[in-house]
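Please look at the sequence and the structure below, then read on.

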Amino acid sequence: MSSLMFGVVMVGILVAGLVGVLVLSTALQTREFELRAKQRTASELAYQVSDLESKVYRANAPRELGRRATALGMVPNAHPVFIDLGSGSIQGTPVPASGNEIPSLRVTAPAPSAHASASAAPDPAAAGAVDTAAPQANAPLPSAQPSAPADAGAQPSPENQARG
């Protein structure tokens, strides 16, 4: 009976070990899925931080600051005045600026906005309704369309094969 008892104990230890490895493997796999989800979230947040930093850098760019200052009615002054914070004294003579002293520093271009670019885009239906005439034979090609040589060895398109 003692060898039978020894066998039962050994099988019990083996089964307990296998169950323990299975539980441990499942727990590790669950943690791995959670880790991947957290890494994906961290990556998305890093992209958002990068995008927001880019927006901050663009908003703090000298041209943008100049455009916003001009929009507020500020003009560059060729006669700067400084205040010494230690003594409270004013260094320089204050002269009002008319705005014409340094014209190269004035930023007059408006900022591009999403609304302005969307309204400036042509409506394809309206463009087709306005210009229905065929292009002239000697008219230059638009620069936006690449031109290819006629004898480039290309096969005719399926549309041209169906017509001719």
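Leaving aside its neighbours within four places in sequence, with which residues is Val95 in contact? Val95 is in contact with Asn77 and His79, where contact means heavy atoms within 4.5 Å.

## Basis of the model

This is a predicted model, in which local features need pLDDT of at least 70 and side-chain atom pairs count only at pLDDT 80 or more, while totals for chains, interfaces and linings use all residues. Residues are numbered from 1 along each chain as its sequence is written, and side-chain values use heavy atoms, with hydrogens and water left out.

The predictor's confidence in each residue is given as pLDDT, from 0 to 100. The protein averages a pLDDT of 75, and 63% of the residues score at least 70. Among the elements of the protein, H1 has the highest mean pLDDT, at 95. Helix H4 (residues 124-130) has the lowest, at 42. Over residues 116-154 pLDDT stays under 50, and for this stretch the model has one contact beyond four places in sequence. Where pLDDT is low, the predicted coordinates should not be read in detail.

## Overall make-up

The protein has five helices and two strands. Both kinds of element are DSSP runs numbered from the N terminus: helices are H or I with at least four residues, and strands are E with at least two. Read along the sequence, the pattern is α-α-β-β-α-α-α.

Of the 164 residues in the protein, 2% are buried. The classes rest on relative accessible area: buried is under 20%, exposed is over 50%, and partly exposed is in between (1.4 Å probe, protein chains only). The accessible surface of the protein comes to about 14400 Å², and carbon and sulfur atoms account for 64% of this surface. Accessible areas come from the Shrake-Rupley method with a 1.4 Å probe, and for residues only the protein chains shown count as cover. Among contacts between residues at least 6 apart in sequence, 44% join residues at least 24 apart.

## Helix H1

Helix H1 covers residues 2-59 and includes Met10. Met10 belongs to a nonpolar surface patch of about 710 Å², together with Leu4, Met5, Phe6, Val8, Val9 and Ile13. Patches are made of residues with over 30% relative accessible area and no salt bridge; like charges are joined within 9 Å, and nonpolar side chains (Val, Leu, Ile, Met, Phe, Trp, Tyr) within 5 Å. Met10 counts as partly exposed because its relative accessible area is 39%.

A search of the whole structure finds four salt bridges. A salt bridge is a side-chain nitrogen of Lys or Arg within 4 Å of a carboxyl oxygen of Asp or Glu. One of them joins Arg31 and Glu34, with the closest N and O atoms 3.7 Å apart. Both residues lie in helix H1, three residues apart, about one turn of the helix. Arg31 is exposed at 59% relative accessibility, whereas Glu34 is partly exposed at 40%. Asp51 and Lys55 also meet in a salt bridge, at 3.7 Å from N to O. Why are Asp51 and Lys55 separated by about one helical turn? They are four residues apart in helix H1, so about one turn lies between them. Asp51 is partly exposed at 38% relative accessibility, and Lys55 is partly exposed at 46%.

## Helix H2

Helix H2 (residues 62-71) contains Gly66. Gly66 is buried because its relative accessible area is 18%. The C-alpha atoms of Gly66 and Pro76 are separated by 9.2 Å, with the two residues 10 apart along the chain.

Glu64 and Arg67 also lie in helix H2, three residues apart, which is about one turn of the helix. Their side chains meet in a salt bridge of 2.7 Å, N to O. Glu64 is partly exposed at 22% relative accessibility, and Arg67 is partly exposed with a relative accessible area of 22%.

## The loop around Val95

Val95 lies in the loop between strand E2 (90-91) and helix H3 (114-120). Val95 is partly exposed because its relative accessible area is 35%. His79, one of the contacts of Val95, is 16 residues away along the chain. The C-alpha atoms of Val95 and His79 are separated by 6.4 Å.
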